[in-house]
Amino acid sequence: MMDRFPARVAIYEVGPRDGLQNESRPVPTADKVAFIDALSKTGLQHIEITSFVNPKWIPQLADVVEVARAIERRLGVGYSCLVPNRQGLDRALAAGMREVAVFISASETHNKKNVNKTIAETLAAFEEVIGPAREAGVKVRAYVSTVFGCPYEGAVDPKKVVELVGELRARGVYQVSLGDTIGVGTPLQVRSVLEQVFAVAPVEEIAVHFHDTRGTALANVLIAVGMGVSTVDSALGGLGGCPYAPGASGNLATEDVVYMLSGMGIETGIDLEALVACSSKVAALVGHELPSKYLKAALGARARKGRAA
Ligand code: HMG
Ligand code: MG
């Protein structure tokens, strides 16, 4: 089972989007820009910066255009954003985005509450997004949410996940990220879902997106990378969750997954010290401690060293 560890794993940082969309304290636009610019210097090569959605639904990201225009685009870093529909794509293109991500849930109720459409209507709306984006030379990623469980419907049939992965690939997305939106997934379930998904998609086109609500995210990553998955989504400090998914807490923390992978000899290209410096600043911005265990240990060690000096 665990014999396909890749030599390198790409971390897809979603803190500025999946993290900040769930924070109650408003973060000023200039601070978001500084946060993304600091992330760009940590060695991360993929950063999801914001969402071109209806600002009434996600007021935390209402400054999407200003953020997309103001960040410093560093060579070698890909900057992406969520878009739910054609209006989102047009706004993203106008703001200079070169990568977008569409999103759909594997359960009807979550999908309806998240984007006010059925799953079929959402797929139909993607016709106006994926093709035109690709024609404009823009990369398109996709998320399938509620893969491992739905806050409204409970268990989710993996067949629905497999079907959606197939539909999304047929429409031309370059990668599908499998989302454990409310952090209920467990390791053998992850193995089973991935085995079924690999029947319709090559491992290189699959990413995993775990929320750490119940403490299973790292174990789930271990299973996924052991099966050859080489893109893992995470959020700095363990920020975030989905506001339309009751019970969702933080994403898997970037520091924690980078620490685990580098200890296993798997390259991420990311400087952990630089991540810790970023996280400390972000904790001050959102006004609360961040859940990352690596971060807590690093800050604790620093404080002890300071006292001893
Ligand atoms: P709707 O109300 O059905 O949209 O919302 P509509 O087409 O009927 O239009 C209504 C209004 O929305 C109109 O404005 C449109 O212009 C506006 P009005 O005339 O009332 O002034 N509108 C837009 N404005 C800005 N940008 C747009 C846009 N589209 C329409 N793109 C809609 C449908 C999809 C827009 C809405 O449901 C929405 O914005 N949802 C946001 C959902 C969201 O962002 N959820 C969180 C992200 S998903 C997630 O976190 C999971 C993930 O992390 C993976 C995982 O963890 O599993 C990805
Ligand atoms: Mg998420």
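**Notebook: helix α11 and the magnesium site**

The model is predicted, with local features needing pLDDT of at least 70, side-chain atom pairs 80 or more, and totals for chains, interfaces and linings using all residues. Residues are numbered from 1 along each chain, chains are lettered from A and ligands numbered from 1 as written, and side-chain values use heavy atoms, without hydrogens or water.

I found that α11 and α12 pack at about 165 degrees, their axes 10 Å apart (lines fitted to C-alpha atoms over the stretch in contact; angles from 0 to 180 degrees between N-to-C directions). The two helices are therefore roughly antiparallel (over 145 degrees). From α11, Thr 254, Glu 255, Val 258 and Tyr 259 meet Leu 272, Leu 275 and Ser 279 of α12 (heavy atoms within 4.5 Å).

I then checked burial in α11 (residues 254–263), where seven of 10 residues are buried (under 20% relative accessible area, 1.4 Å probe, protein chains only). Among them are Asp 256, Val 257, Met 260 and Leu 261. The buried residues pack against β1, α10, β8, α12 and α13. Gly 265 follows α11 with a positive phi, near 80 degrees.

Lastly, I looked up the magnesium ion (ligand 2): Asp 18 (OD), His 209 (NE2) and His 211 (NE2) are its protein donors, 2.0 to 2.3 Å away (N, O and S atoms within 2.8 Å, or 3.2 Å for Na, K and Ca; water is not among the atoms). The donors follow the spacing D-x190-H-x1-H. His 209 counts as buried because its relative accessibility is 5%, and His 211 likewise at 2%.

Conventions:
Buried means under 20% relative accessible area, exposed over 50%, partly exposed in between (1.4 Å probe, protein chains only). Helices (H or I, at least four residues) and strands (E, at least two) are DSSP runs, numbered from the N terminus. Angles under 35 degrees count as roughly parallel, over 145 as roughly antiparallel, 65 to 115 as roughly perpendicular and the rest as oblique.
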